[in-house]
Amino acid sequence: MLKKELISSVLGVACLVVLLIGIISMTACNHDVEPTETPSGSSIETGDGHEGDDDGRTQSSENVGTVVVELPTETTTPEPEIETTTPEPETTTVDLGPSIYDGYLFADVKLYLNVRKEPTTESEIVGKLYVGDKATIVEQLDNGWAHITSGNVDGYVSNEYTVTGHAAEEYVIEEGLYVAKVTVSGLRIREEANIDCGYYGSAYKNQTFAAISEEDGWVKIKHSTADNPSGIAYLAAEYVELKYDFGEGITIEEEKEQIRLAKEAAERAAREAFIKKILANSQVINPANREPFSFSDEDIYLLACLVYEEAGGEPYEGKLAVANVVLNRYLAGYGDTLTEIIYAKNQFSTAQSGVLDKRLEKGPSDSCVRAAKEAVAGVNNIGDYCHFITTEKANYSLYYQYTILHKHCFYKRTWKKS
């Protein structure tokens, strides 16, 4: 098809050229004819046998005019660029009205926001607002800071890191500060806000959830589980107590005290674990012959360390007897606690000298632990004796009753009026 169209075009052009040559030949003898413009705007010139133009157009050596045919050149006029402007959407400001958090703010940070003495980042830090701490706005300053109070904290915070008003309402929900507490056991956690839908399980009494809203007798809560990808569930409002779980700011002094107490608690927990491990290695073997005592692991550990320092070189019966002397003193009213009895003035030399305190850090032997545990369990091998002394220092003339176990004399003293 393309070949046929090409051949037709070539034949048409050839016919046009032949026709033009014929017309020019008829007028070649008249040298006074003015050049005639062709419809295309080109001139048909006549000559006297001179050569034609230098660009290789048609030439003749005879007295025949030179024919120049110029085909019109197709030109395209560029369309003018049209500047288009997309109109900006109109901004509509919606007045949400007052918020319950107008006059209050929260720290919109990952952990805490510093509260400073003056409204500048160079000022001294006087306290901190942690996530969830609610602060009262005393004054909003023109430099982007706010004067606030929260708990015992009074200072300034940068508004860049806080939220208030309606933004605070969203913050409270996102941070889980709006809490739903279940008041009954077995409350079903519903998929939708009606009793005809399915449920994800049941809540137990006093279980808490992050609440979102309450409407038409149902509380919307956050509840993300494997079978609840939406993370939303509902509780019957009748069996739920709603409350806000806000905190208060903390001063630097209060924070230091909290750190100190936390450190002590950690040390105490570590010590309790250490004591428990030592006591666990020893078991009560002998049958009890009196009522057991109710003492803590720490009390038993203290008693075992005293036994180590007072009778560490004695056989087991001697260790058990020393432990029972301390318990007999407790029963006789020498003190309200084992610590008070052991550290009483002029009673146990190792407690007064500081040797016992060092032993508390190192720990007693297994046999001393066993002696302390069996004595507390009610195993008594020394009766109601409340005193003992080494046989080297014993003054038997002062004792109306005594028993010797290895190198210790356990006795009852005869008290005389002066």
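The structure is a predicted model, in which local features need pLDDT of at least 70 and side-chain atom pairs count only at pLDDT 80 or more, while totals for chains, interfaces and linings use all residues. Residues are numbered from 1 along each chain as its sequence is written, and side-chain values use heavy atoms, with hydrogens and water left out.

I begin with the chain as a whole. The chain has nine helices and 20 strands; these are DSSP runs numbered from the N terminus, helices being H or I with at least four residues and strands E with at least two. Of its 418 residues, 32% are buried, meaning under 20% relative accessible area with a 1.4 Å probe, protein chains only. Among contacts (heavy atoms within 4.5 Å) with a separation of 6 or more, 58% join residues 24 or more positions apart.

Let me turn to α9, residues 366-376, and its packing with α5, residues 316-332. Their axes lie 8 Å apart at an angle of about 45 degrees; axes are lines fitted to C-alpha atoms, for helices over the stretch in contact, and angles run from 0 to 180 degrees between N-to-C directions. That angle makes α5 oblique to α9, because angles under 35 degrees count as roughly parallel, over 145 as roughly antiparallel, 65 to 115 as roughly perpendicular and the rest as oblique. From α5, the contact involves Y316, K319, L320, A323, N324 and L327. From α9 come S367, C368, R370, A371, A372, E374, A375 and V376. By class, this contact has nine nonpolar, two polar and three charged residues. Here Ala, Val, Leu, Ile, Met, Phe, Trp, Tyr, Cys and Pro count as nonpolar, Asp, Glu, Lys and Arg as charged, and the others, Gly among them, as polar.

How does α4 pack against α9, and at what angle? The angle is about 125 degrees, with the axes 8 Å apart, and α4 and α9 are therefore oblique to each other. In this contact, I300, L303, A304, V307 and Y308 of α4 meet C368, V369, A372, K373 and V376 of α9. The residues divide into nine nonpolar, no polar and one charged.

Terms used:
Buried < 20%, exposed > 50% of the residue type's maximum accessible area, 1.4 Å probe, protein only.
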